[in-house]
Amino acid sequence: METSEIVSILKEDFLDRDGETFVKARKEGRLGWENGISSGAYSEYMLRPASQEELIRNAYSVAKDMITAMDTPFRVKISITGKKSATDGRTVFVATWYFDDKDLSVGEKLDIFVGLAVHEGSHLLYSDFSLLGKVPCKAVKYLHNVIEDEMIERKLGSAKPGLACFLAATKYYYFGRYEKTLEEKPEEIVHSRIVRALDAVFSLIRYPRNLEAGVIPDFGELLLKVRDILTPYPESSSQALDAAERIWDLLSEEVKDSDGGKGPLGVTGSADDLESVIDTIEDALKEIGSTAPGVDGNGIPSALMCGEIRDGDSMIGDICEGTVEEGSIEGSLICHAEEDRQEYFQGLQEIRRYIPAIAGALKNTGRDVTLINRGMRSGNLDTSKLAEAFQGVQTVYERKGESKAGRSGVCILVDESGSMYGEKIHAAKNTAILLEQALSQAPNLSVFIYGHTYEDGYNKLFVYREPGYRKRYTLGSAEARSGNVDSIAILEAAARVRKYTNDSILFIVISDGAPCEPPANVRSAVDTLERHGFSFIAVSIEPHHDPGMMYRNNITLTDYSRLAIELGKVVKKAILKNAKRQTV
């Protein structure tokens, strides 16, 4: 076949895709409204964030919605701070380095992010992950992944054509950068002939625009054979694997040389040489940024994260992924503490014998009481007065009622600042465990436990116990961390409590009385909350400031036996005061 004829054939996309972005999407039964968007960015029509951080949040939110729209068979998490690329079958990992590209518009950045997420979500829908461990040859694995990437995008374009717009944006950017490099820096692309051959196969399948003029004369006949193998295009992971093995067999034949020298593609036919080829092309493609979405890598290194996430000054990645929440006060974050079983049990062993002192003081406190009124003229007949009833006595009835104790609550806030290091945080942790164990036995009592610190520019509130979050051993992970702005922590914890209840709350602050702010700020926060159903008591551990400057009530921790007795009295008094009874 003449070279000109081969060029003519290969220039025509054999997969019937959009000739501009090389994404196949169903055209039937669609409104086509997106074709009227003049900006060129699909997402710019919907969202116009004011900052880079807002853009990342918007991108994450839209990506989650799109994954939901794809009807994945299980809940999928999107991660932008993970250690692996692509998807592990449950989590979709998305790189963000392109957010720093000043040549991209806001909408284009968002489209690319969502496109990457949608592509990996397509793997969850259409890929057979059980095949991954059955492909020992690295080159076949690479080819399989390339073929499967196109397969899943074709399937999604047919089932959810609206999402193909995001895939198009991603392909256009990733592979378009490769095209630009081919034009401007061809020396970066020139490797051995086998690498160029693999690259040509990759371009044929994923982005034919990158089949520059020099490739077709060199590999035209080879690419025609590859087209034959891929026609019709594979419809499943197993078919993709079969095609990958056949293509690699084809390439291997081009490599082999009966004399032991280099074959037509520039390398020997040894197994080691064939295997090493794929390392070269993967590295080359990664360097120029044209690695196809979904190609397995070694993770998301810092170079693949945008500055907003990489620099560590922002918690945007954690906020997006839901590992932390934004608090009600600007600059506050809510973090859910993890469990530390060993540390928890160590503390429990040290304070176990003091638990009855508090639990005993609270015995019968806050319980509902049944009331029986006898000698009534109406009600239920009192069977102990049958004789009087026979004699005509009218007061032989009884009435039963119930005195219901109102609910109340206790909020415990632990200072986890750096000044609490050593014995102080150990004592604070044990005190919190002591209260948790004792108060959990009291009826009609809600218990909230938090810790706090100030670090990385945020006031962080750690959730140890609240409705919906009761991991048993979380207090074992409490530790001395960094600074502390007690006034904000107190207000944030109170706002958190008010999300769950309007009951009167006894607020116990465990600290060393050394906030990184004037004590008057703490007193102001306390005074404000005491006007809204909170009563405060400080448990002070070697206090730096006089606790009276911040709190009206204070217990200084000297030993657990005395502390347990005093806390039992304080908590009992607060419960009796707050638990207003109602007779029914």
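Let me start with a term: by contact I mean heavy atoms within 4.5 Å. Good morning, everyone. This is a predicted model, where local features need pLDDT of at least 70, side-chain atom pairs count only at pLDDT 80 or more, and totals for chains, interfaces and linings use all residues. Residues are numbered from 1 along each chain as its sequence is written, and side-chain values use heavy atoms, with hydrogens and water left out.

The protein chain holds 18 helices and 14 strands, taken as DSSP runs numbered from the N terminus: H or I of at least four residues for helices, E of at least two for strands.

Now to the sheet. Eight strands make an open, mixed sheet, ordered β3-β4-β10-β9-β8-β11-β12-β13; strands pair if DSSP finds at least two bridges between them. At its edges sit β3 (324-326) and β13 (554-556), each pairing on one side only. Inside, β9 (residues 445-455) runs antiparallel to β10 (residues 458-465) over 7 bridges, and isoleucine 449 has arginine 465 in β10 as its bridge partner.

What lies across β8, β9, β10, β11 and β12? That's helix α15 (residues 423-439), running at about 165 degrees to β8 (408-415). Angles here run from 0 to 180 degrees between N-to-C directions, with axes fitted to C-alpha atoms, for helices over the stretch in contact.

Finally, a helix pair. α2 (residues 52-69) packs on α3 (residues 106-126) at about 35 degrees, axes 9 Å apart. Among the residues that meet are Leu55, Val62 and Met66 of α2, and Leu110, Phe113 and Val114 of α3.
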